[in-house]
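This report goes through a few local features of one protein model. Please keep the sequence and the 3D view open while reading.

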Amino acid sequence: MTFDYAARRARLAASLAGHEVHALLVTSPVNVRYLTGLASSNAGVLVGADGGAVLATDNRYIGAARALDLPVVEAADVAARLLTPSPGAQEGTRGVGIEAACMSVATYLRLGEGLVPLGPVVERLRAVKDEQELDLIRTACAITDQAFADVAPRIAPGMTERELARLLEQRMAELGADKPAFDTIVAAGENGAVPHHSPTGRELRAGDLVTIDFGARYQGYHADMTRTVSLGPPAAWQRELYDLVAEAQRAGRHALTPGAGAREVDSAARSVVARAGHGEHFRHGLGHGVGLEIHEEPFLGPSRTGRLEDRVPITVEPGVYLPDRGGVRIEDTLVTREGGPELFTKTTKELLVL
């Protein structure tokens, strides 16, 4: 799929006026890809406030870079090459913005005076997706849904957490995923009390709640979904916990509208959990943006600021985690729309009893 990278760079150039810089040096690999189309482990692009841009990369990627529609220079030290027109010169650095979260202190000190550390300028532009990007995320989510539908009938006591994770990842690959969007989480029984538990050889047992957090990556774009299933009829406390998280997730999804504050959306779900006496057991933010990264702007949480815009893919994933007993998390990927959020992950949120 071809994107209008020049239009993306023009949007970035227009945003630089508010930062008192005449250019931005972008070295984050994800941001370079977003602005140029070049996927690499070593590249940079210098974008001027006038919309002009120069791309630099090393000899491993120079062929792909030269096929793109912008000037290209070859260098191993891409930041130094873009900021230093001639060997040993330091002119051109004053008033150039850099990505403070990406550039190391050592590189910053080496490149000379005048560089201006900036926040997540490109990341904020990336938060709002065009319809082409949304189609790719929608496809990634469809692969994720189908993989779960295909594997769920095979989930049974005796299977290990690792085996289930591998089955899901294998099925996503068969369905066309580039790779898993992240390391699959399978947390059975007491392990469900750990939000980011890494799968082990622990066998699934009758009576377990099993939390499964996974997603596909498709053409660089990510999906994210969590479902919690029950191996056999759930105990009363398990059903109560599941119903509570499901109620909180509904509240969070309904609050997900353009113009809503990140803190307020989080509060819509968190207040449901708190009223039930489990506030201390909901230990992470409500959600995060998804796109070229699995976790990207914006983030929903009790200390987050800012407001959501239209066409922002984002997760809603409340969870309640009871130490030494287990937990429940339910997560969907959605996109904000003026008429109400569009749900990308369609797998039922009713408790699946296997």
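Predicted model: local features only at pLDDT ≥ 70, side-chain atom pairs only at ≥ 80, totals over all residues.

**Helix pair**

Helix H1 spans residues 5-15 and helix H2 spans residues 29-36. The two pack at an angle of about 115°, and their axes lie 6 Å apart. On the H1 side, the contact is made by Tyr5, Arg8, Arg9, Arg11 and Leu12. Their partners in H2 are Arg33, Tyr34, Leu35 and Thr36. By class, the residues of this H1–H2 contact comprise four nonpolar, four charged and one polar.

**Two loop residues**

Pro120 sits in the loop that runs between strand E6 (116-118) and helix H6 (121-127). Is Pro120 buried, partly exposed or exposed? Its relative accessibility is 25%, so Pro120 counts as partly exposed, since this class lies between the limits of 20% and 50%.

Gly207 belongs to the loop between strand E8 (185-188) and strand E9 (209-214). Gly207 counts as partly exposed because its relative accessibility is 34%. Leaving aside residues up to four places away in sequence, Gly207 touches Leu231 and Gln238.

Note on methods: Residues numbered from 1 in each chain as written. Heavy atoms only, no water. Helix = DSSP H or I, 4+ residues; strand = E, 2+ residues; numbered from the N terminus. Buried < 20%, exposed > 50% of the residue type's maximum accessible area, 1.4 Å probe, protein only. Contact = heavy atoms within 4.5 Å. Axes fitted to C-alpha atoms, helices over the stretch in contact; angles between N-to-C directions. Nonpolar A, V, L, I, M, F, W, Y, C, P; charged D, E, K, R; others polar.
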